[in-house]
Amino acid sequence: LSLHDALPISYGDLYYDVIDAVEIRITGCEKEVTAVEIPAKIAGKPVTSVGRSAFSGCNSLAAVTIPDSVTRIGLDAFYKCSSLTTITMPDGVTILGANAFSFCTSLTEVTMPNSLTSIGSNAFSGCSSLTEIEIPDSVTSIGESAFSDCKKLTSITIPDSVTSIEKSAFSGCNNLTIYGRSEEHTSELQS
């Protein structure tokens, strides 16, 4: 086996691997789990990321606690976690990968940290229960179709720090009002 073929290590209901012998990446969980608390450290090493497809398809997962040590939420990390209702990303997360929370159809509340700089393509696509979102001042880019088909999304506030909004970022959000926020005031953007 090469380093890339190493079998995941288990920790309770979680699976992980070790990156460069100094940090931990969560790589999966038991599929029937309903709640997960990701520890800040495993075996004395910091947990720094939720890896690609780590919780993808965990349909029973309703609650997850992510520690402040996590800086990256990877591609498809929580894809189709249809029972997940709220997510609070910890301070320190800078990158939210593509499809990270796509099709989390029960997701109603998202709290993003002030450290987040990039929202990946399709990050919240198909989150049909999401009603409102506030983008932190630290975000500079919103990826393609990031919030597409969030049918119940009625309000989103975008700060002036955002310099790039990719195509179809809000397609299918038919009841959406987009607000722009500068340091001085908030105003409705005209389409």
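The protein chain averages a pLDDT of 90, and 91% of the residues score at least 70; pLDDT is the predictor's confidence in each residue, from 0 to 100. The model is predicted, and local features therefore need pLDDT of at least 70, side-chain atom pairs count only at pLDDT 80 or more, and totals for chains, interfaces and linings use all residues. Residues are numbered from 1 along each chain as its sequence is written, and side-chain values use heavy atoms, with hydrogens and water left out. Over residues 1–5 pLDDT stays under 50, and for this stretch the model has 0 contacts beyond four places in sequence, a contact being heavy atoms within 4.5 Å.

The description of the fold begins with the strands. Helices (H or I, at least four residues) and strands (E, at least two) are DSSP runs, numbered from the N terminus, and two strands pair if DSSP finds at least two bridges between them. Strand β1 (residues 9–11) runs antiparallel to strand β2 (residues 14–19), and 3 bridges join them. Y11 has L14 in β2 as its bridge partner. The two strands form a hairpin with 2 residues between them, and G12 in the turn has a positive phi of about 60°.

Strand β2 is also joined by 6 bridges to strand β3 (residues 23–29), again in an antiparallel arrangement. Here the bridge partner of Y16 is I26 in β3. β2 and β3 form a hairpin with 3 residues between them, where D20 in the turn has a positive phi of about 50°.

The aromatic side chains come next. A pair of aromatic rings is described by the distance of the centres and the angle of the planes. Rings of Phe, Tyr and Trp (its six-membered ring) pair if their centres lie within 6.5 Å; planes under 30 degrees apart count as stacked, over 60 as edge-to-face and the rest as tilted. A search of the whole structure finds 6 aromatic pairs. One of them is the stacked pair of F55 and F78, at 4.9 Å centre to centre with 5° between the planes. Because F55 lies in the loop between β6 (45–50) and β7 (63–65) and F78 in the loop between β8 (72–73) and β9 (86–88), this pair ties together parts that are 23 residues apart in sequence. Both F55 and F78 are buried, that is, under 20% relative accessible area, with exposed meaning over 50% and partly exposed in between (1.4 Å probe, protein chains only).

F78 also stacks with F101, at 5.0 Å centre to centre and 5° between the planes. This pair links distant parts of the chain, since F101 lies in the loop between β10 (95–96) and β11 (109–111), 23 residues apart from F78. F101, like F78, is buried. Ring pairs link F55, F78, F101, F124, F147 and F170 into a cluster.

With a disulfide taken as a pair of cysteine sulfur atoms within 2.5 Å, the count comes to 0 disulfides. For C81, the nearest cysteine sulfur is that of C104, 5.1 Å away; C81 is buried, with a relative accessible area of 0%. For C127 the nearest cysteine sulfur is likewise that of C104, 5.2 Å away, and C127 counts as buried at 0% relative accessibility.

G120 is buried, with a relative accessible area of 11%. Not counting residues up to four places away in sequence, G120 touches L96, G97, A98, G143 and A146.
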